[in-house]
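Visitor: I have a structure to go through with you. Could you put it up?

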Amino acid sequence: MNNPENNQSLSNKPKILVARAIFPEALAKLAESFEVRSNQADQVFTPQELQKELSEVVGALVTGSERIDAGAIAGAKNLKIVANVSVGYNNFDVPAMSAANVMASNTPDVLTDTTADFGFALLMATARRITESEHWIRAGKWDQWSIVNNPLGMDLHHSTLGIIGMGRIGQGIAKRALGFGMKVIYHNRSRLSESDEKACAASYVSKEELLRNADHVVLVLPYTAHSHHTIGAKEIALMKPTATLVNIARGGIVDDLALAQALKAGTIFAAGLDVFEGEPQVNPELLKLSNVVLAPHIASATEKTRRAMVDLAIENLRAALDGKKPPNLINPELFKTLKN
Ligand code: 8YV
């Protein structure tokens, strides 16, 4: 339900929407310049509610949970910008936004290191069976130390790491892998420049070669119609039975049901997932397995980084409403045809 709080009325300030709860200080600062319709109750709007909210504002701050498409902005005749608090923007139908003359922005860079840290943490937890071990202790199953009858994992050090999606975050993970003496191979839509490859000591390979040779595979590619089910039963079958798979990219890049079946059958060793098809729902077949580490889409979730993401989204929003070019404008062609 739409439950906006802190809403003011009868003001001459431009009206904006903050579609989800943000830090109170950021909200207070926004209220100095704008009439803010905020949703501090943090309950995701229905598409109808979102459409109504957007129809009343000139700018909006949203997250990946708000789908901004032709339907959402139909009737939003004064809307100039929708600023995503997220680097990924698969929740935006950018052509539809451009057609409606609505600027779109995201929050790159500020979350790169935090997200790369998390990718590595999830990889370690998965390969070394950390959460499974904790559950084992909590269930009272640890009665003695054992050479063989303890959760035995897979090594990261000196293994081969395969990264699919070698943008800023993928490169950040590759650089961390260097400290572990790992060999890094990657696959990406386009090959990195020689100097970027050198900086992360990574070699470009085909997707098939990566899947066959990697001991650990990490997915960090954007979600598009093209990347839907980049990893399905066929791709998992190419992987080593000792391999792990980590998805910190987006739900839908992995066929979660095929993954659950492969994990159950022992086709691969284990998986770590921060994102899911249809999240916050998680495929029930995954929930039954002990060789999968689950996280609730928290790769960027440190206080410092979430504050930086909100601040950057606000910077984009303010710029657009001040008639300036937002620093992270996704549809720059629109800047020339600004609404007045
Ligand atoms: C966001 C993310 O928190 O930035 C991204 O692409 O996946 C996360 O950092 C999430 O998308 C919510 O907006």
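Visitor: What does the side chain of H297 do at the ligand, and how far is its polar atom from the ligand oxygen?

Guide: A polar side-chain atom of H297 sits 2.7 Å from an oxygen atom of the ligand. For scale, a polar contact is a pair of N or O atoms within 3.5 Å; within protein, one must be able to donate a hydrogen and the other to accept it, and residues adjacent in sequence count only if both atoms are side-chain atoms. This is a predicted model, where local features need pLDDT of at least 70 and side-chain atom pairs count only at pLDDT 80 or more, while totals for chains, interfaces and linings use all residues. Residues are numbered from 1 along each chain as its sequence is written, and side-chain values use heavy atoms, without hydrogens and water.

Visitor: And which backbone atoms lie by a ligand oxygen?

Guide: A backbone N or O atom of G88 is 2.8 Å from an oxygen atom of the ligand. For V85, a polar backbone atom is 3.1 Å from a ligand oxygen.

Visitor: How much of the ligand's accessible area does the protein cover?

Guide: The protein covers 84% of the 330 Å² that the ligand has on its own, with accessible areas from the Shrake-Rupley method and a 1.4 Å probe.

Visitor: What classes of residue make up the shell?

Guide: Four nonpolar, six polar and two charged. Gly counts as polar here, and Asp, Glu, Lys and Arg as charged. Among the residues around the ligand are T63, R250, S300 and R306, where a heavy atom within 4 Å is required.

Visitor: Changing topic, where are the domains?

Guide: Domain 1 is 4–109 + 303–339 and domain 2 is 112–294; the bounds come from an automatic or database assignment. Their C-alpha centres are 33 Å apart.

Visitor: How many residues touch across domain 1 and domain 2?

Guide: Seven residues of domain 1 contact five of domain 2, counting heavy atoms within 4.5 Å.
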